[in-house]
Amino acid sequence: PLPESTPGAPAHPGVQPLVRYEGPEHPQLLLLFASPRPDIVAGNFFSTSTGTMLARLFASLHVAQENIGVTYFYKVATARNIPPLLETALRKMLTKELSFIAPQVMVTFGEPLFHQVFGKGKNFNDCAGTDMEFGGVKTCALVDAFAMEADKQLKLLTWKVHIPRGSYFKN
């Protein structure tokens, strides 16, 4: 007989489990993070202080939490740089994932993820909050959500400068 595994535990010792998309079937908004954080249990993002902050932020922009999905560019927690060849493969995987999830809008968080998704040729500071597109999905980039939670200046920058640049969250 095969050994039973604990739900959410890696199937093989020493191998991290893949973190999958969580949220409604076709969300109004998809939050894309670089990789899962080891301190956040899969499926519990909105019970964290950062999740609560983002739920409030997007609720004020008329997007209810139940209409928000969460996914990751790199599906396991990582603290290393991703090689260019893997980055290219991950972009293709994200495009495929978007075709299944079919969100109305996707938001990426942080400058490193911005460059992983859009390439090194674009300037994050010039593009943050602006209307962009990735994989056929309306997309905008914002500052790192975890840094934003800890820094009121980044919250103000996001709310007063970045979000008004784009049209995706206007009535």
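A residue is called buried when its relative accessible area is under 20%, exposed when this is over 50%, and partly exposed in between, using a 1.4 Å probe and protein chains only. At 18% relative accessibility Phe146 therefore counts as buried, and Phe45, at 1%, counts as buried too.

The structure is a predicted model, in which local features need pLDDT of at least 70, side-chain atom pairs count only at pLDDT 80 or more, and totals for chains, interfaces and linings use all residues. Residues are numbered from 1 along each chain as its sequence is written, and side-chain values use heavy atoms, with hydrogens and water left out.

Rings of Phe, Tyr and Trp (its six-membered ring) pair if their centres lie within 6.5 Å, and planes under 30 degrees apart count as stacked, over 60 as edge-to-face and the rest as tilted. By this rule there are 10 aromatic pairs, including the two tabulated here.

| Pair | Centre distance | Plane angle and class |
|---|---|---|
| Phe33 and Phe45 | 5.0 Å | 45 degrees, so tilted |
| Phe45 and Phe146 | 6.5 Å | 85 degrees, so edge-to-face |

Helices (H or I, at least four residues) and strands (E, at least two) are DSSP runs, numbered from the N terminus. Phe33 lies in strand E1 (residues 29–33) and Phe45 in the loop between E1 and helix H1 (49–59), so their pair ties together parts that are 12 residues apart in sequence.

Ring pairs link Phe33, Phe45, Phe46, Tyr72, Phe109 and Phe146 into a cluster.
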